[in-house]
Amino acid sequence: MLELSDVTIRYGQHLAVDRVSATVAPGETVVILGANGAGKTSLLKAISGIITAQPGSAIRFQDCDVTGTPAHEITGAGIALVPEGRGLFGGMTVRDNLRLGANPARARALEKERLELVHDLFPRLAERQGQIVRTMSGGEQQMVAIARALMSNPDLLLLDEPSLGLAPIVVQELFRALARIRETGVGLLIVEQNVRLSLGIADRGYLMEAGRLTGEGSADDLLTDDAVQNAFLGTVS
């Protein structure tokens, strides 16, 4: 479904992502693990069309070359991003944020069904449709951000640090919802610091360091890998 080949991203003289190649199959859940500054967010931004990768990079989605395609066209093609920081319209209601998510042509005729889906995933949003988003808790706002992305009827959902800054009980609730989203057949590409929970719902994972992919494997293998244990899970060999 998604195929990255030699994706390179620069900010001026700074090389943020260096010739990254990776794949996500239809319906697959893939996690990218790495320290802050490894280039993970830049990679998601390039996939979603927010920034442009360097010449020679190739991003293919559903067998189409989408390298350099504007962000709104990427969303229309079936890729939705839940960015770090959420990117919500805080002065608008939950209802209006979700309606904006259903703007792509692929989603308009399905708005009612998508709304039923996100209300089933996040019942709290059904109860608070008229609430101004900025008055909600951080966990509730993250639910709105994920729900808004799902309203676009995506085939692939990109999530950048979805659990960042949330209370542990809210994180558990969030990952239960992501597991249910996975069951609907939507592919997930997740950048996440909570390694145990993210690998717990993933099929595969990549390790990223200083802009390069340095390893990959099944979720089960990565959970028992010494390098992952030492770097992310606090185990000292």
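These legends walk through close-up views of one predicted model.

Residue numbers start from 1 along each chain as its sequence is written, and side-chain values use heavy atoms, with hydrogens and water left out. Because the model is predicted, local features need pLDDT of at least 70 and side-chain atom pairs count only at pLDDT 80 or more, while totals for chains, interfaces and linings use all residues.

**View 1. The whole protein chain.**
The chain holds 11 helices and 10 strands. Both are DSSP runs, numbered from the N terminus: helices are H or I with at least four residues, strands are E with at least two. The radius of gyration is 17 Å, close to the 18 Å that the globule rule gives for 237 residues, so the chain is as compact as a globular protein of that length. That radius is taken over C-alpha atoms, and the rule is 2.2 Å times the number of residues to the power 0.38. Along its principal axes, the C-alpha trace spans about 50 × 40 × 30 Å. Of the 237 residues, 49% count as buried. Buried means under 20% relative accessible area, exposed means over 50%, and partly exposed lies in between (1.4 Å probe, protein chains only).

**View 2. An open sheet of four strands.**
The strand order is β2-β1-β4-β5, with antiparallel pairing. Strands pair if DSSP finds at least two bridges between them. At the edges are β2 (14-24) and β5 (64-65), each pairing on one side only. Strand β1 (residues 2-11) is joined to β2 by seven bridges. Four bridges link β1 and β4 in the antiparallel sense. Here Glu3 stands opposite Arg60 in β4.

**View 3. The hairpin of β1 and β2.**
Two residues sit between these strands. Gly12 takes a positive phi near 65° in this hairpin. Tyr11 has His14 of β2 as its bridge partner. Ile9 has Val17 of β2 as its partner.

**View 4. Helix α1 across the strands.**
Residues 40-47 form α1, which lies across β1, β2 and β4 (58-61). The helix runs at about 115° to β1. Axes are lines fitted to C-alpha atoms, for helices over the stretch in contact (heavy atoms within 4.5 Å). Angles run from 0 to 180 degrees between N-to-C directions.

**View 5. The buried face of helix α3.**
In α3 (residues 94-101), Val94, Asn97, Leu98 and Gly101 are buried. Down the helix axis, the buried residues fall within an arc of 95°, so they line one face of α3. The arc is that of the directions from the helix axis to the C-beta atoms. These buried residues pack against α5 (111-121), α6 (123-127) and α7 (138-150).

**View 6. Two nonpolar cores.**
A nonpolar core is a set of buried Ala, Val, Leu, Ile, Met, Phe, Trp, Tyr and Cys residues joined through side-chain atoms within 4.5 Å. The largest has 43 residues, and Phe122, Leu125, Ile146, Leu157, Leu159, Leu178 and Ile181 touch the most other members. Helix α7 gives the most to this core, with seven residues. Another core, of 31 residues, lies apart from it and includes Ala16, Ile32, Leu158 and Met208.

**View 7. Around Leu159.**
Leu159 touches residues including Leu44, Val82, Ile146 and Leu178, not counting those up to four places away in sequence. Leu188, Leu189, Ile190 and Val191 are also among the residues that Leu159 touches.

**View 8. Pro83 in its loop.**
Pro83 is found in the loop between β6 (79-82) and α3. Pro83 is partly exposed, with a relative accessible area of 23%. Its C-alpha atom is separated by 19 Å from that of Phe122, 39 residues apart along the chain.
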